[in-house]
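The sequence and the structure are shown first.

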Amino acid sequence: MNISPDDFGKLFVEFEREAFRLETLDDYSKSGGVEAYRAFLAGEPQPESYRTAGWVTTVREATQAGKRMYRVHILDRPLSDYLRFELGWGYLRNQEAGEEFFILDTTEQPNPLEGVPDFWAFDEKVVVSMNYGDAGEFLGAEVVPERQTQEWLERRDTAMDLATPFTEWWARHKPE
């Protein structure tokens, strides 16, 4: 069942304990932060609007209220330009607001979740599968039927079991 952007947005405010995201793409450049991405590619400083974006406020308010927001990104090296931007600017920025990040690096191992799309899981009750175009543009999202929730949570658990905390991974693989 498709979910409207407004209803999807409400989930980030209304969840009670945890919100988990699985990221699977190398490029989300058409889905937000476009100006910041251009600045990154041009070697310019982070725009103030990027440092203080609404997402940062959402994360900070949730984590200060004792809620957990965390994600695993499945990727391989070498990193795309977009991943260098997302990890080097976005993850570091969001981490300061309280979001937790993990990396499942498939450079030297098979992807255990091959074909699984991006998704958010809220309080282990609501799962929203996300759809993207080939150029990294967000196309919309669908609420997963309740009877399938456990299957998606098992995907989350697989990702978490095999992932490395971002700060540890970044210390070893940060691009020069």
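The conversation below concerns a predicted model.

Visitor: At what angle do helix α2 and helix α5 pack, and are they roughly parallel or roughly perpendicular?
Guide: Two packed helices are described by the angle between their axes and the distance between the axes. Here the axes of α2 (residues 34-41) and α5 (residues 81-97) are 10 Å apart, and the angle is about 105 degrees. Angles of 65 to 115 degrees count as roughly perpendicular. The helices therefore pack at about 105 degrees, which makes α2 and α5 roughly perpendicular.

Visitor: How many nonpolar residues does the contact of α2 with α5 have?
Guide: From α2, the residues taking part are Ala36, Tyr37, Ala39, Phe40 and Leu41, and they meet Asp81, Tyr82, Arg84, Phe85 and Trp89 in α5. By class, this contact of α2 with α5 has two charged residues and no polar ones. The number of nonpolar residues is eight.

Visitor: Which residues does Phe85 touch, leaving out those up to four places away in sequence?
Guide: Phe85 is one of the α5 residues that take part in the meeting with α2. With residues up to four places away in sequence not counted, Phe85 touches Gly33, Ala36, Tyr37, Phe40, Tyr50 and Gly90.

Visitor: Which residues touch the most other members of the largest nonpolar core?
Guide: This core has 26 residues.

Visitor: Is Ala62 buried or exposed?
Guide: Ala62 has its place in helix α4. Beyond the residues up to four places away in sequence, Ala62 touches Phe15, Lys67 and Met69. Its relative accessible area is 4%, and buried means under 20%, so Ala62 is buried.

Visitor: What lies 2.8 Å from a polar atom of the side chain of Thr63?
Guide: Thr63 lies in helix α4, which covers residues 54-64. Leaving aside neighbours within four places in sequence, Thr63 is in contact with Ala97, Gly98 and Glu99. The atom at 2.8 Å from a polar atom of the Thr63 side chain is the backbone oxygen of Ala97.

Visitor: Which side chain does a polar contact of 3.0 Å join to that of Glu18?
Guide: Glu18 is found in strand β2 (residues 18-23). With a relative accessible area of 16%, Glu18 is buried. Not counting residues up to four places away in sequence, Glu18 touches Arg68, Tyr70, Ala121, Phe122, Asp123, Glu124 and Arg156. The polar contact of 3.0 Å joins the side chain of Glu18 to that of Arg156.

Visitor: What is the phi of Asp123, and what is that of Glu124?
Guide: Asp123 is found in the loop between β5 and β6, and Glu124 is found in that loop as well. Asp123 counts as buried at 8% relative accessibility, whereas Glu124 counts as partly exposed at 39%. Most residues other than glycine have a negative phi. Asp123, although not a glycine, has a positive phi of about 55 degrees, and Glu124 likewise has a positive phi, near 55 degrees.

Visitor: Is the peptide bond from Arg77 to Pro78 cis or trans?
Guide: Pro78 lies in the loop between β3 (68-75) and α5. Most peptide bonds are trans. The bond from Arg77 to Pro78 has omega near 0 degrees and is cis.

Visitor: How far apart in space are Glu14 and Thr164, C-alpha to C-alpha?
Guide: Glu14 lies in helix α1 and counts as exposed at 54% relative accessibility. In sequence, Glu14 and Thr164 are 150 residues apart. In space, C-alpha to C-alpha, the distance between Glu14 and Thr164 is 28 Å.

Visitor: How far apart in space are Ala171 and Ala65?
Guide: Ala171 has its place in helix α7 (residues 166-173). At 67% relative accessibility, Ala171 counts as exposed. Ala171 and Ala65 are 106 residues apart in sequence, and their C-alpha to C-alpha distance in space is 29 Å.

Terms used. Residues are numbered from 1 along each chain as its sequence is written. This is a predicted model: local features need pLDDT of at least 70, side-chain atom pairs count only at pLDDT 80 or more; totals for chains, interfaces and linings use all residues. Side-chain values use heavy atoms; hydrogens and water are left out. Helices (H or I, at least four residues) and strands (E, at least two) are DSSP runs, numbered from the N terminus. A polar contact is a pair of N or O atoms within 3.5 Å; within protein, one must be able to donate a hydrogen and the other to accept it, and residues adjacent in sequence count only if both atoms are side-chain atoms. Contact means heavy atoms within 4.5 Å. Axes are lines fitted to C-alpha atoms, for helices over the stretch in contact, and angles run from 0 to 180 degrees between N-to-C directions. Angles under 35 degrees count as roughly parallel, over 145 as roughly antiparallel, 65 to 115 as roughly perpendicular and the rest as oblique. Ala, Val, Leu, Ile, Met, Phe, Trp, Tyr, Cys and Pro count as nonpolar, Asp, Glu, Lys and Arg as charged, and the others, Gly among them, as polar. A nonpolar core is a set of buried Ala, Val, Leu, Ile, Met, Phe, Trp, Tyr and Cys residues joined through side-chain atoms within 4.5 Å. Buried means under 20% relative accessible area, exposed over 50%, partly exposed in between (1.4 Å probe, protein chains only).
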